[in-house]
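Visitor: Please take a close look at the cavities inside this protein, and at what surrounds them.

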Amino acid sequence: MIIQSMLLGGTLKAPTIGRLTTKLLLSFNDSDGATTFKDRSLRNLAFSAIGNARIRTAQSKFGGSSLYLDGTGDYLERVRTQDLQLNSDFTFERWLYLVGTPDGDRAVFTHWKSGSLGFFFGLQSDRTVSFYYSNNGSSGVFSIASADAVPLNTWTHVAWTRFRNALKLHVGG
């Protein structure tokens, strides 16, 4: 799986999400093989590469590089802190390019800890995407999954929004 960019915005009150309300902006624009991921928001958050997660220049939607996950336990992880809590309206979006079907359900990005706010973005073995969000780390979990599979070898836009406690998933639009 190749991910071009990842944006997590705060409030949806402004007509467009500006840099001041952006909680996370990972563009994955870096040199081939890089395993550090630069947050281009004002928060400058650090992420860990789990497995073989790395930057690749072989495929990109824009900017010349993207995040490459080979489907065998690769994902990004953020040590659980208060800076990515989703306790208000939000938009979480990315561009995906699947080169194959995963052999099982896979985490792509997680920010989860028992007993606190957290979220998890995953790709299922049927190539559908899912998003789980909890307001307390255990109960109160909101989840949503796509009905259709993400196509292979095509850049596909995926976005999750929470507006007034309604969680929506947008694939390809």
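Guide: The lining of the second largest cavity has three nonpolar, one polar and one charged residues (Ala, Val, Leu, Ile, Met, Phe, Trp, Tyr, Cys and Pro count as nonpolar, Asp, Glu, Lys and Arg as charged, the others, Gly among them, as polar). These residues are Tyr-133, Phe-142, Arg-162, Asn-165 and Leu-167, and the volume is about 30 Å³. The model is predicted: local features need pLDDT of at least 70 and side-chain atom pairs pLDDT 80 or more, while totals for chains, interfaces and linings use all residues. Residues are numbered from 1 along each chain as its sequence is written, and side-chain values use heavy atoms, without hydrogens and water.

A cavity is a set of points on a 1 Å grid over the protein atoms alone where a 1.4 Å probe fits but cannot get out; lining residues have an atom within 4 Å of a point. Grid points are joined across faces, edges and corners, and a volume is the space filled by probe spheres set on the points. The structure holds two cavities of 30 Å³ or more.

The largest cavity contains about 50 Å³ of space. Its lining is split by class into three nonpolar, three polar and three charged residues.

Elsewhere, Val-129 is in contact (heavy atoms within 4.5 Å) with residues including Phe-121, Trp-160 and Leu-169, leaving aside neighbours within four places in sequence.

Definitions and conventions: 1 Å grid on protein atoms, 1.4 Å probe; cavity = no way out; pocket = protein on both sides within 12 Å on 5 of 7 lines; lining within 4 Å.
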